[in-house]
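Subject: Structure for your files

Hello,

Here is the structure, with the sequence alongside. My notes on what turned up follow below it.

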Amino acid sequence: MSEKVLLIDDEPEFLETMSERLRLRGMEVEACTSISEALDIMADKQFDAIFLDLQMPGTNGIDSLKMIKKLHPSLQVILLTGHASVEKGIEAMKLGAMDFIEKPADIDVLSEKVRKAQAKKMLLVEEATEERIHDILHGRAW
């Protein structure tokens, strides 16, 4: 099963290059230039990982991360930035980001992050399923 990735960045050239490089590694990739477009895409499709640009016009990466995690708590979000700071990295991790990476990032590193995101997402889904089964079994008087 191939990994499914959503790229969110306001730079079309970056999106085109990253999409092509991840597809060459066997991943299914969607790309968009705004959080509103991303939320529309996420309403219909499931992803293993999201690469989110920290600095975009309109809604910034931190606010976008909050929106994504509110709607899709198990989704693994990796913030990418050309202007990394320790404060922003800490803030992103506290809000549930899986990682915070400075551009330009090595494609092998990003590919490995996607595989880890897929594994982490599967574990979270499995835990949620076990919890629901536990609640059903212990919530009824058999």
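The largest cavity in this predicted model is lined by L7, I8, D9, F14, F51, L52, D53, L80 and K103. Two elements, β1 (4–8) and β3 (49–53), each give two or more residues to that lining. Of the elements, β3 gives the most, with three residues. Sorted by class, six of the lining residues are nonpolar and three are charged, while no polar residue takes part.

As for size, the space in the largest cavity comes to about 30 Å³. The count of cavities of 30 Å³ or more is one.

The other item is D99, which sits in strand β5, residues 99–102. Is D99 buried or exposed? Its relative accessible area is 17%, and buried means under 20%, so D99 counts as buried.

What does the side chain of D99 make a polar contact with? The partner is the side chain of K113, at 2.5 Å.

To recap the two items: the cavity lining draws on β1 and β3 for two or more residues each, and D99 is a buried residue of strand β5 whose side chain makes a polar contact with that of K113.

Regards

Methods. Residues numbered from 1 in each chain as written. Predicted model: local features only at pLDDT ≥ 70, side-chain atom pairs only at ≥ 80, totals over all residues. Heavy atoms only, no water. 1 Å grid on protein atoms, 1.4 Å probe; cavity = no way out; pocket = protein on both sides within 12 Å on 5 of 7 lines; lining within 4 Å. Points joined across faces, edges and corners; volume = space filled by probe spheres on them. Helix = DSSP H or I, 4+ residues; strand = E, 2+ residues; numbered from the N terminus. Nonpolar A, V, L, I, M, F, W, Y, C, P; charged D, E, K, R; others polar. Buried < 20%, exposed > 50% of the residue type's maximum accessible area, 1.4 Å probe, protein only. Polar contact = N/O pair within 3.5 Å; in protein donor to acceptor, adjacent residues only side chain to side chain.
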